[in-house]
Amino acid sequence: MANESNMTFSKLTEYFQKLESTPKRLEITSILAELINEADATEVDKILYLTEGRLGPLFDNEDFNLGDKMIQRVLSTAYNKATEEITKQLNTAGDLGDVAEKLSNLSPLPPASPLTVIEVFDQLTTIAYASGTNSQDRKVQSLASLLRISAPVAAKYLVRIPLGKLRLGFSDLTVLDALSYTITGDKALRNQIEATYNIYPDIGQIAKVLKESGTDGLKKIKLTAGVPILPERCSLVESSVEMLERSEVWAVQPKYDGLRTQIHYGVKSANHDSLITSIPLIPLNTQTSHIKTKIYSRGLEDITATMPEIVAAAEQLANECHLSSFILDGEAVTVDPTTGKIMPFNDTVTRKRKYDIAEKSASNPLNIFVFDLLLLNGEDLTNEPYTDRYDRLSNLLHLPNISNLTNLHLTPQTVLKDAAAISALFQKDIKEGYEGIVAKKPNSTYHAGARDYSWVKLKREGDTSGLADTIDCVVMGYYAGEGKRNDFGIGAFLVGVYDPSDDTFKTLAKIGTGLTDDRWRELKAKCDQIKTTKMPTRYVTPASLSPHVWVTPRLVVSIRADQVTKSPSHSSGYSLRFPRLLDYREKLPEDANSVSDIEKLFKK
C-alpha cells in the first residue's frame with residue numbers, strides 16, 4: 001500500500017544486500033515482492049529501475065559514461081585519498097563498490113540526514129545527463145558529493161550503479177513474477193502482466209500503474225509510439241514440407257542479414273529540465289528534445305542517432321502522408337551505392353557505433369526493408385491479420401507522392417501453398433545472396449515477444465551436414481590461454497543458453513577452436529569490458545566448468561555446431577559437437593536461444 005513518506009535510499013540498499021546474498025529464485029522473487037509492497041506509488045518505478053542498475057527502461061536509459069578510472073577519481077575526491085591508494089585497494093578488493101564502502105567507514109565525515117530514493121535517483125539522473133564543457137569533471141564532483149553524505153553500504157551501491165555492476169541477479173522477467181506475488185501471493189497474474197510488458201516493456205511504469213489502479217489499470221497501457229514493442233520472432237523449420245504441415249498457406253519473404261529495427265514516429269518529447277537538486281550538487285543544464293522519430297534495435301536500444309537517413313525518410317513519409325504516428329517493423333541493411341547490392345552484416349552493424357555517422361551515411365547508406373505495420377495514426381494494428389497489416393503497409397509505401405522515398409522499402413512477398421514453389425523461391429533467394437526465407441501465416445496476429453510457428457524461417461534445405469541453424473548463446477566467461485594463446489590471455493570460452501523457467505543461464509558449450517588470432521583478441525577485449533570478480537547469481541554452472549574470468553550476461557554470440565548431444569556435464573543437460581564462433585548478435589541475453597530451443601534441436 002502507499003506510504004505517507006518516501007523510502008530512504010539506505011532502506012533500499014538493505015534490500016540490495018538481501019538480493020545479492022541469495023541465488024535462490026523464489027527467495028529473490030519474495031524479496032522483490034516485499035520491496036514493491038513497501039514502496040509508494042510515487043517511487044516504485046524509480047526503485048525498480050535502480051534494482052536493475054538503471055535510470056529507466058532499457059529503451060530510455062542514459063549511460064553514465066563513468067568507467068573504472070573515473071570512479072577511482074570520484075573516490076579520491078570524495079574521501080581525500082591519492083588515486084594510487086584507490087588503485088591499491090581495488091587490486092586487493094577487486095570491486096570499487098567494496099572500496100567505497102571501506103573508505104566510507106573510515107571517513108570522519110558524519111552522514112547527513114537520510115536521503116530518499118527519489119532524491120538519490122534524481123541526483124544520479126542529473127549526473128548521467130551532464131554534458132558539454134567540463135561535464136566529466138562535474139560528474140566526478142557531483143558523485144563525490146553524494147558519496148560524502150551517504151552511509152557506507154549506500155556508498156557501495158552508489159558506485160556500482162554507474163559502473164553497471166550492481167549484480168543483484170535477476171531481470172525484468174523475475175520482477176513480473178514479483179508483481180503478481182504482490183497482488184495474489186503467487187504467479188497467477190504473471191501472464192496478464194507479461195502480455196502488457198510485451199507491448200510496453202517498462203517495468204517501472206507497469207508497477208506504478210498496478211500500485212495506483214490494480215490490474216484494471218493494465219487495460220490503460222496501450223501500444224505507444226516511442227515505446228518499443230518486444231518483436232515477434234521466427235521459429236526454425238527444416239523444409240518446405242514441414243512448413244506446409246504447420247499451415248496450408250504462407251506469405252513468403254526473403255531473409256535479410258541485417259539489424260532488426262523498429263521505426264517510431266509521433267514520439268512525445270523527453271524533458272529533463274525539471275531534475276530535482278535537493279542536495280548541494282553542481283546543477284545540470286539540459287535541453288528539451290523535440291525529436292518526433294525514434295529507432296530501436298531488437299534489444300530495445302535507442303539507435304536513432306546512428307541512422308539519420310532513416311529518420312529523414314520516416315519524417316518525409318509522415319509529412320507527405322499527413323500521419324500523426326506510426327510504428328514500422330523491418331530489417332536494416334547497408335547498401336553499396338554503386339552496385340545497389342546489400343552488403344554483409346558486419347558492414348551494417350558498424351553503423352551502431354556513435355562516431356563518423358555522417359560520413360558512413362553518405363558512403364554506405366542504410367536501407368530498411370519494412371515488413372510490418374504495427375501502429376498507424378494511433379490505431380493499434382497488432383490484432384489485425386498479417387495480410388491486412390501488410391496490405392496497409394504496401395498502400396502506404398506505394399503512394400504516388402512518396403515515390404522518391406529511397407531508404408524505406410516494402411519487403412517483397414509471395415503467397416504460396418505448394419512445397420515445390422516454396423523450395424524454388426528459397427533456392428532463388430539463396431542464389432541472390434539472402435540468408436534464406438521467412439514465412440508468415442497470413443491470418444496470424446502480431447505475437448509480441450513470442451517465438452512460435454506463426455512466423456518461421458528456412459535457412460538450409462536438403463543439407464544434412466550439421467545443424468540447420470546457428471545457436472545464439474550468452475558468453476559466461478573465459479579460460480586462460482596456454483602456449484601461443486597465453487599471449488592472448490584467453491584460450492577458450494564458456495557459453496550458455498537462457499532458461500525462462502527460473503530466469504537463469506545454463507551452460508551449453510566450452511569453445512576452444514575455430515577462431516583466428518584476431519578473433520581471440522577481439523573476444524577477450526569484449527569480455528574484459530564486462531568482466532566481474534564473482535560468478536553472476538543468474539548463472540547455473542558446474543564447478544568443473546568455472547572459467548578463470550567471469551563476465552556479466554550481456555554478450556550474445558552466434559555459434560555453429562554439427563550436433564546437439566545429451567550431456568551430464570553441462571547444466572542445460574545438453575552440449576554441442578564441434579561448436580565454433582560465427583559472429584556477435586545484437587540482442588538481449590534473454591533473447592538468446594533457450595534450453596527448450598536446444599531440446600527441440602536435439603529431438604530433431
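Contact here means heavy atoms within 4.5 Å. In this predicted model, several helices cover the buried residues of H3, including H1 (9-20), H2 (25-38), H7 (117-128), H9 (152-163), H10 (172-184) and H12 (203-213).

The buried residues are Val 44, Asp 45, Lys 46, Ile 47, Leu 48, Tyr 49, Leu 50 and Thr 51. After H3 comes Gly 53, which has a positive phi near 70°.

In soluble globular proteins, nonpolar side chains tend to be buried together. The largest nonpolar core of this model has 132 residues, and Leu 50, Leu 75, Leu 124 and Phe 326 have the most contacts inside it. Strand E6 (residues 366-376) gives the most to this core, with 8 residues. Another core, of 34 residues, lies apart from the largest one; among its members are Ala 468, Leu 508, Leu 523 and Tyr 574.

Leaving aside neighbours within four places in sequence, Leu 124 is in contact with Leu 50, Leu 55, Phe 64, Leu 143, Leu 146, Leu 158 and Ile 161.

## Strand E13 and its partners

Strand E13 (residues 492-499) is mostly covered, with 8 of its 8 residues buried. E13 pairs with strand E12 (residues 471-479) in the antiparallel sense over 5 bridges. Gly 477 has Leu 494 of E13 as its bridge partner.

E13 also pairs with strand E14 (residues 504-511), in the antiparallel sense over 7 bridges. Here Asp 499 has Thr 504 of E14 as its bridge partner. The hairpin of E13 and E14 has 4 residues between the strands, and in this hairpin Asp 503 takes a positive phi near 55°.

Key:
Residues are numbered from 1 along each chain as its sequence is written. This is a predicted model: local features need pLDDT of at least 70, side-chain atom pairs count only at pLDDT 80 or more; totals for chains, interfaces and linings use all residues. Side-chain values use heavy atoms; hydrogens and water are left out. A nonpolar core is a set of buried Ala, Val, Leu, Ile, Met, Phe, Trp, Tyr and Cys residues joined through side-chain atoms within 4.5 Å. Buried means under 20% relative accessible area, exposed over 50%, partly exposed in between (1.4 Å probe, protein chains only). Helices (H or I, at least four residues) and strands (E, at least two) are DSSP runs, numbered from the N terminus. Two strands pair if DSSP finds at least two bridges between them.
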